[in-house]
Amino acid sequence: MATGINDVRNFWNANPCQSWLSQEADRRRYFEDISRKRFQGREWHIPIIARFDSFRGKDVVEIGCGLGTDGIEFARSGANYIGVDLTPKSVELTQERFQVFGVPGRFEVANAEEGLALADASADHVYSFGVIHHSPTPEKIVGEIYRILRPGGTFTVMLYNRNSINYYVEIMFLRRLFRWCLLPKFMPRLISSATGFDLWKLEGHRDFLKKRVSKEEWISMNTDGPLCPLARVWEFNVEHWSFIGKAIPDSLAKWIGRHWGWHRIIYGNKP
């Protein structure tokens, strides 16, 4: 049975991206903690890629606003920000973040496949980081990006990179090779304790061991967790490599990331 947009919506509405990065009870500290872990941790490269301070006075639309972690940086830098997301929960959290910090912005719940409530040629820049590859029909979103951009408008999009170490070595080889190690009931907890891998992901993968999954399902469940319904395939994520990753110098990790990394960054403009 093909994965539909409702499956994607339901998963991300129940699991807003990176909402689990902080357990702070105070909402200001909660959002600050997530930003710190995102921009000073494994995704240090995002401010460089996004160029938050390059769009002062410009109309910026983010497709897939998540928690508004990136979006609020555009707005703080003077952009007229519009955050769009498929899921009501993400829009609710993004709106809360902006209100907590007193930053202006617009927010919409919308399926970009079906069209956004924005006029033709109404945006100077469209930003979408790690979102379109979860769509059943990403080409429709691409068409919508083109429609809303003004002539000369720009876009920045991140997609998972199929020509990467993470795809070929980790997802398609190592995880297939060692997945049966999870079969004993105690193994997910043991592996989690030894490597630092998320226990819930390991337990989820164990549940799938006796089920037949297609190549597409295997890719989806090995990107954003075993329950992720759909993911299509710069950064080299050393966190995936446990002991080896900790031993790799930052300079080498950055070099690997530029050549065979997991995040493929696409820049463009509308003629």
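Leaving aside residues up to four places away in sequence, I46 is in contact with R38, F39, F52, D70, Y127 and F129 (contact meaning heavy atoms within 4.5 Å). The model is a predicted one, so to speak of local features takes pLDDT of at least 70 and side-chain atom pairs count only at pLDDT 80 or more, while totals for chains, interfaces and linings use all residues. Residues are numbered from 1 along each chain as its sequence is written, and side-chain values use heavy atoms, with hydrogens and water left out.

I46 also belongs to the largest nonpolar core, which has 28 residues; I46, F74, Y81, F98 and F129 touch the most other members. Such a core is a set of buried Ala, Val, Leu, Ile, Met, Phe, Trp, Tyr and Cys residues joined through side-chain atoms within 4.5 Å, where buried means under 20% relative accessible area with a 1.4 Å probe, protein chains only. Apart from this core lies another, of 16 residues, including V61, I132, I145 and V157.

Then there are the rings: the structure holds nine aromatic pairs (Phe, Tyr or Trp rings, six-membered for Trp, with centres within 6.5 Å; planes under 30 degrees apart count as stacked, over 60 as edge-to-face and the rest as tilted). Y81 and F98 are stacked, because their ring centres are 5.4 Å apart and their planes at 15 degrees. Y81 is buried at 3% relative accessible area, and F98 is buried at 1%. Ring pairs also join F39, F52, F55, F74, Y127 and F129 into a cluster.

Conventions. Buried means under 20% relative accessible area, exposed over 50%, partly exposed in between (1.4 Å probe, protein chains only).
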